[in-house]
Amino acid sequence: SPYVFIENNLATTIPDSISPFVDFPAYTRRGEIAPDFIHREALDKLTEKAVLFIEDHSKKENPFLLYFPLTGPHKPALPAERFIGKSGFGPYGDLVMQVDWTVGEILRAIEKNEIGENTIIFFTSDNGSYMYRIDSDLPDHIDDAAVQGYNPGNRQSNFVWRGTKADIYEGGHRVPFIVKWTGKIKPGTSNTNLLCLTDIFATLGELLDVRYAKESGEDSFSFFQSLISNTTFERPPVVHHSVNGTFSIRNGKWKMIFSEGSGGRQQPVGSPFHKPYQLYDMEKDPSETKNLIHEHAEILEQMTQILSEIRKEN
């Protein structure tokens, strides 16, 4: 809160009441709310604004950037009325369906205004799903909408990746990354290059031939050539961390976690820099099931040194 729409740095309407706390799947926090703000309608209203923006700017000579952070499938799991019950996977599944529809509306606006060949589209996420994997016969989100998780026999969030949003494991950090550029990127192609969302900055810089200060985007590396030719992108190590500040570093096939736990929601949580650390071979074990920390002392030393050097530099 406050639950308001903001346009040109100003709230469109002043809050005049209090929205109560509602538990999952709605999961809305208590706070001030404006009369024109309805949770179930928020994503539709933002989509309408985005489409109008595309239509307006497609008629102008100057290039445009539309940054459109979706409100779903993050909580609250409150899909628009027309999507309720449509997925068969509970309110969260219905909200994912609405997100698919929303992306479709953006793509249709680009096609309708005939700017596809001159527009590059990135579709991604800031973290993995918050839905747990329920490895038992206990009720899941399909049986009871109040349950934050799926039984793999019914559905599965985060694919085979371990953990959820907020964890240091892949389920918290590995996200979809889809790029569309008509006439430049061949449809249906894919590669396994290691990327970080910070790399979009340098990639667009190379695309637009923009010169920027050396100290800007120091953790951004352009994958533009890989994007248009589907070639290998040799990126420096990626450092990330969990909600409690547990660090991890990914270098080549190796991923090392500087904690004994998830650093987030999955048990055990652990604490930053508490041993034993974790080391995984992401090529052979993408689900992070076998900790190799006691089998590769040389990798432990190497990864520790790399992280130490990066922290000193920054």
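**Cores, surface and loops of the predicted model**

Asn230 is found in the loop between α5 and β9 (238–241), where helices (H or I, at least four residues) and strands (E, at least two) are DSSP runs numbered from the N terminus. The structure is a predicted model, in which local features need pLDDT of at least 70 and side-chain atom pairs count only at pLDDT 80 or more, while totals for chains, interfaces and linings use all residues. Residues are numbered from 1 along each chain as its sequence is written, and side-chain values use heavy atoms, with hydrogens and water left out.

The phi angle of Asn230 is near 55°, a positive value in a residue other than glycine. Asn230 is partly exposed, with a relative accessible area of 37%; here buried means under 20% relative accessible area, exposed means over 50%, and partly exposed lies in between (1.4 Å probe, protein chains only). A positive phi, of about 40°, is also found in Tyr27, although this residue is not a glycine. Tyr27 is placed in the loop between β3 (17–19) and β4 (31–33), and with a relative accessibility of 24% it counts as partly exposed.

Two cis peptide bonds are described next. One joins Gly72 and Pro73, with omega of about 5°, and Pro73 lies in the loop between α1 (42–57) and α2. Another joins Lys275 and Pro276, with omega of about 10°, and Pro276 is found in the loop between β11 and β12.

The interior is described through its nonpolar cores, a core being a set of buried Ala, Val, Leu, Ile, Met, Phe, Trp, Tyr and Cys residues joined through side-chain atoms within 4.5 Å. In soluble globular proteins, nonpolar side chains tend to be buried together. The largest nonpolar core has 12 residues, namely Ile249, Trp254, Met256, Phe258, Tyr277, Leu279, Leu292, Ile293, Ile299, Met303, Ile306 and Leu307. The elements that give two or more residues to this core are β11 (254–257) and α6 (297–313), and the largest share, four residues, comes from α6. A second, separate core has eight residues, among them Ile54, Ile106, Ile110 and Ile121.

Met303, which is found in helix α6, counts as buried because its relative accessibility is 1%. Leaving aside its neighbours within four places in sequence, Met303 is in contact (heavy atoms within 4.5 Å) with Ile249, Asn251, Trp254, Lys255, Met256 and Phe258. The C-alpha atoms of Met303 and Phe258 are separated by 9.8 Å, although the two residues are 45 residues apart along the chain. Ile306, when its neighbours within four places in sequence are likewise left aside, is in contact with Pro237, Ile249 and Asn251.

Ser287 is found in the loop between β12 (278–281) and α6, and it is partly exposed, with a relative accessible area of 23%. Not counting residues up to four places away in sequence, Ser287 touches Val160 and Arg162, and the backbone oxygen of Val160 lies 2.9 Å from a polar atom of the side chain of Ser287.

Thr119 lies in the loop between α2 (90–112) and β5 (121–124) and is buried, with a relative accessible area of 13%. A polar atom of the side chain of Thr119 lies 2.6 Å from the backbone oxygen of Ile115. Thr119 also touches Ile110, Lys180 and Trp181, not counting residues up to four places away in sequence.

The buried residues of α4 are Asp199, Ile200, Ala202, Thr203 and Gly205, and what covers them includes β5, β8 (177–180) and α5 (224–229). Phe201, which lies in the same helix α4 (residues 199–208), is partly exposed, with a relative accessible area of 43%. Just after α4, Asp209 takes a positive phi of about 55°.

Methods
A polar contact is a pair of N or O atoms within 3.5 Å; within protein, one must be able to donate a hydrogen and the other to accept it, and residues adjacent in sequence count only if both atoms are side-chain atoms.
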